[in-house]
Amino acid sequence: MKTLLKSDQLNITLQRLAHQLVENHLSFKDTVIIGIQPRGIFLSDRIYKMVKKITGNNKIGYGRLDITFYRDDVQSRDIQVPTDTDIPFSIEGKSVVLIDDVLHTGRTIRSALDALIDYGRPKNVELLVLIDRRFSRELPVQPDYAGHSVDTILTQKVKVYWKEKDGKDEVVLIDKIGN
Amino acid sequence: MLSVKHLLGIKELTKKDIEQIFKTADNFKQVLQRPIKKVPTLRDTTIANIFFENSTRTRLSFELAEKRLGADVVNFSASGSSVSKGETLIDTVNNILAMKVDMVVMRHAASGAPWFLAQHIDASIINAGDGTNEHPTQALLDAYSIKEKLGSLEGKRVTIIGDIMHSRVALSNIFCLAKLGAEVTVSGPPTLIPKHIESLGVRVEYNVKKALEWCDVANVLRIQLERQHKPLFSTLREYALYYGVNRQMLDSLEKEIVIMHPGPINRGVELNSDVADSKQSIILDQVENGVAIRMAVIYLLSGKRETLE
């Protein structure tokens with residue numbers, strides 16, 4: 001097991017991502033933030049708070065998207081009980097920043113795009129991830145904002161721990177075999 | 001994931017199963033309120049609705065649920081089929097499965113038919129009503145509707161009124177409500193209440209007025225004349241007079257109770273229009289929730305067939 005980001009590094013990375021978002025979207029007038037359930041929302045919660053603080057805009061649209069029903073592997077894995085989707089605004093014509101913790105094969109993002117489009121037609125969609133596992137993509141999906149890029153092999157796993165859920169902030173790389 | 005491969009009856013479900021179905025139904029209800037009421041989850045699944053008995057609501061509800069999950073649907077009804085030529089149940093179903101169908105929703109006049117079928121075929125089976133035995137999805141949507149209206153079922157009092165003897169809705173409801181911690185009383189004419197029903201943990205109260213005074217929710221059932229092969233009460237008028245639920249009766253109660261009916265209603269017999277169409281009634285909520293509940297059941301059973309590998 002190898003630590004990729006410690007608590008203080010993680011915080012600096014998040015600050016950087018939030019500032020990059022503000023750099024591109026300024027006041028967030030027509031931009032909304034949507035986190036992907038279940039693990040992406042810890043990241044999106046933090047980014048949302050930071051962006052709110054930096055811009056001083058308290059009316060930024062923030063939602064959570066569950067993609068369970070849009071997965072392409074429903075039949076080949078254990079059936080999962082879905083989490084909630086909560087998008088209390090229209091995404092029609094908006095810029096959407098989609099947020100997830102780890103980008104790996106790109107299949108989750110593919111599902112998320114399908115799910116998102118069933119809620120309306122956004123003007124454009126950007127992707128923000130904390131960890132980008134490069135060279136492991138199965139679909140042509142790339143992040144617009146990435147906190148940290150790592151080169152990994154298939155048997156490895158990247159795990160992001162959040163204080164809200166796991167009691168600590170840390171990102172680790174786990175070798176599945178021998179772990 | 002559910003503890004069962006088929007949904008045959010509520011009897012086999014655990015409390016956890018039921019809670020999981022409710023949680024999933026919450027999400028589908030949300031989907032049904034969107035402009036695009038459809039998800040592509042089961043786009044590689046084919047479901048056969050096999051109805052050996054008449055149905056409007058249940059069949060339509062299942063078909064909508066299946067289509068909104070993105071599944072392909074084939075419908076079969078016994079009238080006008082080879083069943084009238086003497087084909088057996090297993091042959092009929094196996095022939096349908098040979099056309100690569102993944103799941104079967106079946107209604108049958110014989111109690112226990114889905115259990116029999118489950119022993120002989122591999123596909124998942126959902127019981128849409130078998131004779132006078134069970135109607136699990138109806139009980140689930142009833143309990144879900146009560147939960148939605150009252151917040152929870154724990155400690156709530158539910159009276160089921162009417163033809164308890166011939167009603168699969170009653171039996172499934174009794175099992176389901178007991179598992180979720182509600183108390184149940186059954187009421188109606190003594191000829192329509194089975195002997196020893198107390199052994200299921202329910203109270204019996206022949207006086208409808210008293211039964212209504214006791215409860216938070218009254219589930220009024222249809223008089224099933226088609227299943228009554230000998231006279232069990234003298235006339236429908238007499239039944240309406242002594243066991244029918246009307247406005248006057250509800251107004252004389254101390255509290256406002258919730259009125260339910262699984263449909264189709266015999267207006268003026270077991271339920272008067274001034275009750276059925278009042279704001280106390282959640283009959284149309286039941287219908288609406290039916291689609292979400294059935295989507296949840298189908299979705300949760302759909303992953304289990306990958307056991308061959």
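1. In this predicted model, 14 residues of chain A are in contact with 16 residues of chain B; a contact here means that the C-beta atoms of two residues, placed from the backbone, lie within 7 Å. On the side of chain B that touches chain A, at least two residues each come from α1 (15-32) and α11 (283-302) of chain B. The most is given by α1(B), with 5 residues. Helices (H or I, at least four residues) and strands (E, at least two) are DSSP runs, numbered from the N terminus.

2. By class, that side of chain B holds 5 nonpolar, 7 polar and 4 charged residues. Ala, Val, Leu, Ile, Met, Phe, Trp, Tyr, Cys and Pro count as nonpolar, Asp, Glu, Lys and Arg as charged, and the others, Gly among them, as polar.

3. Chain B is assigned domain 1 (10-134 + 288-305) and domain 2 (136-287), with bounds from an automatic or database domain assignment. The centres of the two domains, taken over C-alpha atoms, are separated by 25 Å. Their contact takes 22 residues from domain 1 and 23 residues from domain 2 of chain B.

4. On the side of domain 1 of chain B that touches domain 2 of chain B, α1, β4 (124-130) and α11 of chain B each supply at least two residues. The largest share, 6 residues, belongs to α11(B). This side of domain 1 has 8 nonpolar, 7 polar and 7 charged residues.

5. On conventions, residues are numbered from 1 along each chain as its sequence is written, and chains are lettered from A and ligands numbered from 1 in the order in which they are written. Local features need pLDDT of at least 70 and side-chain atom pairs count only at pLDDT 80 or more, whereas totals for chains, interfaces and linings use all residues.
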